[in-house]
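Hello,

Here is the structure we talked about handing over. Please open it first, then read my notes below.

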Amino acid sequence: MTTLTQDLSKIPVTIITGFLGSGKTTLIRHLMANPQGRRLAILVNEFGTMGVDGDILKSCADESCPAENIVELANGCICCTVADDFIPTIETLMALPVRPDHILIETSGLALPKPLLKAFDWPAIRSRITVDGVIALADAEAVAAGRFAPDLAAVDAQRVADPSIDHETPLSEVFEDQILCADLILLSKADLAGAAGLAAARATIVAEMTRSVPMLPMTDGVIDPRVVLGLKAAAEDDLAARASHHDGEEDHEHDDFTSAIIDLPEVTDPDALSAAIARLAAEQRILRVKGYVAVAGKPLRLLVQAVGGRVRLQYDRPWGDTPRASHLVVIAEQADIDLAAIRAVLVPQAPGA
């Protein structure tokens, strides 16, 4: 009986993982707006020194998830900084004056979820918290187009020819580790993929899975919270069933990726900025761009979010007391970050310059 009482007192945690721009923040905003009577707390982990997702979520704070319940850890993968960052932050959330009923963790798009799961076995927290479930978001349109889905026959042939060959890109390994760790896979951008695209995405993911995991389509982050929360998976006790490319490794590195912050002058033509960001994806293999931009004559700040060549611009709120400064975070593989070339595309040059 004592053990049962202890388990019931644990705070459930949902880990939301997914590749860059798969819709994690949009899903969390939907859960915040539909908490089903739960008091939520949120931990956001971003790759890069300037947080955007945490700021977006704080702008949606309400009684069920006040701003003080939203904590952001930027410029550091929480699965690599468990003792220094993750454990103290979780302890802070558990010690809030009004204890949260459920904690949501939004991982960086580059994070591997399995090392984070292992952190829940730390003595400081293991008796007070449990992983209710790992939710992996997969961009259905991208998966249907064949991205991050290796040709298994070709891979086997390469292994036979040369067992030491690096036959997978870092991006494919991240994607596969995320879906292999999941208790539920949400196929985001379902409206863009269409019925045929969803079927193709499902088939691609099923081919990579080592166990049966439910997959559901999702558009704009809208899904019944009862499907996402309350899975009671206790995922920290089920690590062996969650395969990873990095099993057996003590540590992992994110040196394949890097980020940079680009400062911009006030923008006069948002459409031109959107076209410039799309050029970065096409010409310089930039994976992700996000940030805030000041537009001439507009009292509202412009939220910029781009995944590859898909660019979304949205005026989100007045600048208020915040300085009207434009900053964009650019994320790419290490070899593809050329600051001078990126600035040349994004920052308009004065005539004659």
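One caution before anything else: this is a predicted model.

**The whole chain**

The protein chain has 12 helices and 12 strands. Of its 353 residues, 49% are buried. Its accessible surface is about 15800 Å². Carbon and sulfur atoms hold 52% of that surface. Now take the contacts in the chain with a separation of 6 or more: 81% of them join residues 24 or more positions apart.

**Strand E4**

Start with strand E4, residues 102-106. How many of its residues are buried? The count is 5 of the 5, so E4 is largely enclosed by the rest of the structure. Both faces are covered. His 102, Leu 104 and Glu 106 lie on one side, and Ile 103 and Ile 105 on the other.

Which strands pair with E4? Strand E1, residues 11-18, is joined to E4 by 4 bridges, and the two run parallel. Look for Thr 14, which stands opposite Leu 104. Strand E2, residues 40-45, is joined to E4 by 5 bridges, and this pair is parallel too. Here Leu 40 stands opposite His 102.

**The nonpolar cores**

In soluble globular proteins, nonpolar side chains tend to be buried together. In this model, the largest nonpolar core has 23 residues. Phe 86, Ile 103, Ile 105, Phe 120 and Ile 129 have the most contacts inside it. The largest share comes from H4, with 5 residues.

Click on Ile 129 next. Leaving aside neighbours within four places in sequence, Ile 129 is in contact with Lys 10, Ile 11, Val 13, Ile 90, Met 94, Ile 103, Phe 120 and Glu 236.

There is also a second, separate core, of 21 residues. Ala 276, Val 289, Ala 332 and Val 345 are among them.

**Helices**

Helix H2 covers residues 24-33. In H2, 7 of the 10 residues are buried, so this helix is largely enclosed by the rest of the structure. The buried ones are Lys 24, Thr 25, Leu 27, Ile 28, His 30, Leu 31 and Met 32.

Next comes a helix pair. Two packed helices are described by the angle between their axes and the distance between the axes. Helix H11 (residues 270-284) and helix H12 (residues 339-346) pack at about 150 degrees, with axes 9 Å apart. From H11, the contact uses Leu 273, Ala 276, Ile 277, Arg 279, Leu 280 and Gln 284. From H12, it uses Ala 341, Ile 342, Val 345 and Leu 346. By class, that gives 8 nonpolar, 1 polar and 1 charged residues.

Finish at Asp 336, in the loop between strand E12 (326-333) and H12. Is Asp 336 buried or exposed? Its relative accessibility is 17%. The cut-off for buried is under 20%, so Asp 336 counts as buried. Not counting residues up to four places away in sequence, Asp 336 touches Gln 284, Arg 285 and Ile 286. Glu 283 is 53 residues from Asp 336 along the chain, but their C-alpha atoms are separated by 10.0 Å.

Best wishes

Key. Residues are numbered from 1 along each chain as its sequence is written. This is a predicted model: local features need pLDDT of at least 70, side-chain atom pairs count only at pLDDT 80 or more; totals for chains, interfaces and linings use all residues. Side-chain values use heavy atoms; hydrogens and water are left out. Buried means under 20% relative accessible area, exposed over 50%, partly exposed in between (1.4 Å probe, protein chains only). Two strands pair if DSSP finds at least two bridges between them. Axes are lines fitted to C-alpha atoms, for helices over the stretch in contact, and angles run from 0 to 180 degrees between N-to-C directions. Contact means heavy atoms within 4.5 Å. Ala, Val, Leu, Ile, Met, Phe, Trp, Tyr, Cys and Pro count as nonpolar, Asp, Glu, Lys and Arg as charged, and the others, Gly among them, as polar. Accessible areas come from the Shrake-Rupley method with a 1.4 Å probe; for residues, only the protein chains shown count as cover. A nonpolar core is a set of buried Ala, Val, Leu, Ile, Met, Phe, Trp, Tyr and Cys residues joined through side-chain atoms within 4.5 Å.
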